[in-house]
Amino acid sequence: MRGELAPSKVITNATFLNSGRKAWTKGNIWIYGDRIVYVGKALPSSDENTEWIDASERYIVPGYIEHHAHPFIAYNPSTFADYALERGTSTVFNDNLIVMMNVDKKKALTLISEMNEGPSSLYWSCRIDPQTETKDEHQVFTPQALEDWLNHPLVVQGGELTGWPKVISGDDTLLHWMEEVLKRNKRIEGHLPGASERTLAQLAILGVTSDHEAISSEEILKRLDAGYTTTLRHSSLRPDLPMLISEIVEEGVTNFNRFLLTTDGSTPRFHEPGVMDQLIRICIEAGVDPIAVYEMSSYNVARHYGIDAHHGMIAPGRLAHLNFLEAVDTPEPVSVIAKGEWIVREGERVYEAKPFPWENYTEKWQPVSWDLSDDDLHFSMPMGIHLVSSVLLKPYHIEVDGAVDYLNASHDESFFAMFDKEGKWRMNTIIKGFSSNIDGLATSFSITGDVTLIGKKKSAMKKAFAVLKEQGGGIVIVQDDEVQFQWAFPHFGVMSDKPMEEVIEEHKQFESVLKEAGYPFEDPLYSIFFFSSTHLPYVRMTSKGIYDVHKKSVLFPTIMR
């Protein structure tokens, strides 16, 4: 500013979103390194080696922020960030669950720091409960591990809080960690599907500051009335945004300062049209003021999390995350600058992403060191699990005979077996509603990395398991004694190391194979991933056994091998 150093870049004739004024402002934007250093009418007195950019035909908005990502749904945090960045989402808040459960704490914290060295800004949410019933929960969620995660500057919140029923019941451990989050002046993200006004009030008193689970305008208004920052979700499981935004506009909502947007860990194919840019377009097309919409994915997020000194505005001191638009109502950027460097310029990607060095932090998913025996595929459980939607499991009384080598394709019941990845325990039952014609499926795709087998034929299940061991994690499907589909997830058994574009194509193929085999719902990837997730009703398959979520009790325990 004193003329001693020349800016790296000067963007002239810019029409940019001024969140201080809530208006489009004309002026010049100076960038030095990765920061915006000036916004206004002036031009620098020194311009040695400065790049001059004429933005007279463009509108400029802050880089978009996805504040609620679960970056382990086949893709990984690095490849998702690269894909999102090209589409204008330059800041991502990631769920740390898979990293926390699979990587040594010291390495994990170094990992998130190194991952933030790229052009994207990557922040993290720290889980304070594991989202499933595990026998080693207290070895992972240790006081020292939680404290070190929460103290890390890239960790901006605790949550999401899937164990809130335990909080309401007075769970001292969760209450303690909620207090620790708040002591650090960080936020607590709820996970409150169907929560009543009373529940919302109680959790607000205890420190929950936001939630993303509203599925109607009535639920949205309840959260606003309870003081929550309220996120509108549009995801592969809940593609609700067109309905939600229309309903709240009809309700007369005109102030969107306490609204955010999220794709909430959507499956790969869902992201083919974009990331936050596709959500912004939906809101603008619903008639919401574009300034308010852009701020729902930038300034509102930064202000809520207390990082607005660095993000969410085009103003001095902020990171130079900038999206260049052809028109106010066209959120897909034609050019993207992140941390002061060009990523996309006039529709052409000019930055080549570098593969993240996962090998420095974890070995690839190791083939399990045990083999299946005939006893491992013995099915005599009287109670089975019934998949009644993509993610809901109910108990049901088994009537088919499990003491056979194959089940008839005339019904939708299949063998189901879950094994500890170390081969210590197993759980065998029958699943209804998943498919009518899958011979054998084997997968490591789960929160815990345990192995699940599903199928009509025990021989095909065994073959799928053998191939899964050989490829080192992922999903394998065997039909007519031939391997029909393979999808490798070398990282923790849940994440691919391929670019997002390739993962999207593999996901499409996976869905096609499953649906041809009789899978009746919309999201087979999440059906598999959530078998053990105890934040969903009604029963779950966990390391402790078949678990009744409502009663918080084990109905049938696992069997030691």
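Helix axes are lines fitted to C-alpha atoms over the stretch in contact, with angles running from 0 to 180 degrees between N-to-C directions. This is a predicted model, in which local features need pLDDT of at least 70, side-chain atom pairs count only at pLDDT 80 or more, and totals for chains, interfaces and linings use all residues. Residues are numbered from 1 along each chain as its sequence is written, and side-chain values use heavy atoms, with hydrogens and water left out. Helices (H or I, at least four residues) and strands (E, at least two) are DSSP runs, numbered from the N terminus.

**Helix pair H10 and H11**
- The axes of H10 (residues 241–250) and H11 (residues 276–285) come within 9 Å and cross at roughly 35°.
- Leu241, Pro242 and Ile245 of H10 make the contact (heavy atoms within 4.5 Å) with Leu279, Ile282 and Cys283 of H11.

**Burial of strand E20**
- Strand E20 (residues 413–419) is largely enclosed by the rest of the structure, because seven of its seven residues are buried; buried means under 20% relative accessible area, with a 1.4 Å probe and protein chains only.
- Glu413, Phe415, Ala417 and Phe419 point one way from E20, whereas Ser414, Phe416 and Met418 point the other way.
- In a regular strand the side chains alternate between the two faces of the sheet.

**Partners of E20**
- E20 pairs (at least two DSSP bridges) with E21 (residues 425–432) in the antiparallel sense over seven bridges.
- Five bridges join E20 to E23 (residues 451–455), also antiparallel.
- Methionine 418 has methionine 427 as its bridge partner in E21 and stands opposite threonine 452 in E23.
- The hairpin of E20 and E21 has five residues between the strands, and glycine 423 takes a positive phi near 75°.

Technical notes
Buried < 20%, exposed > 50% of the residue type's maximum accessible area, 1.4 Å probe, protein only.
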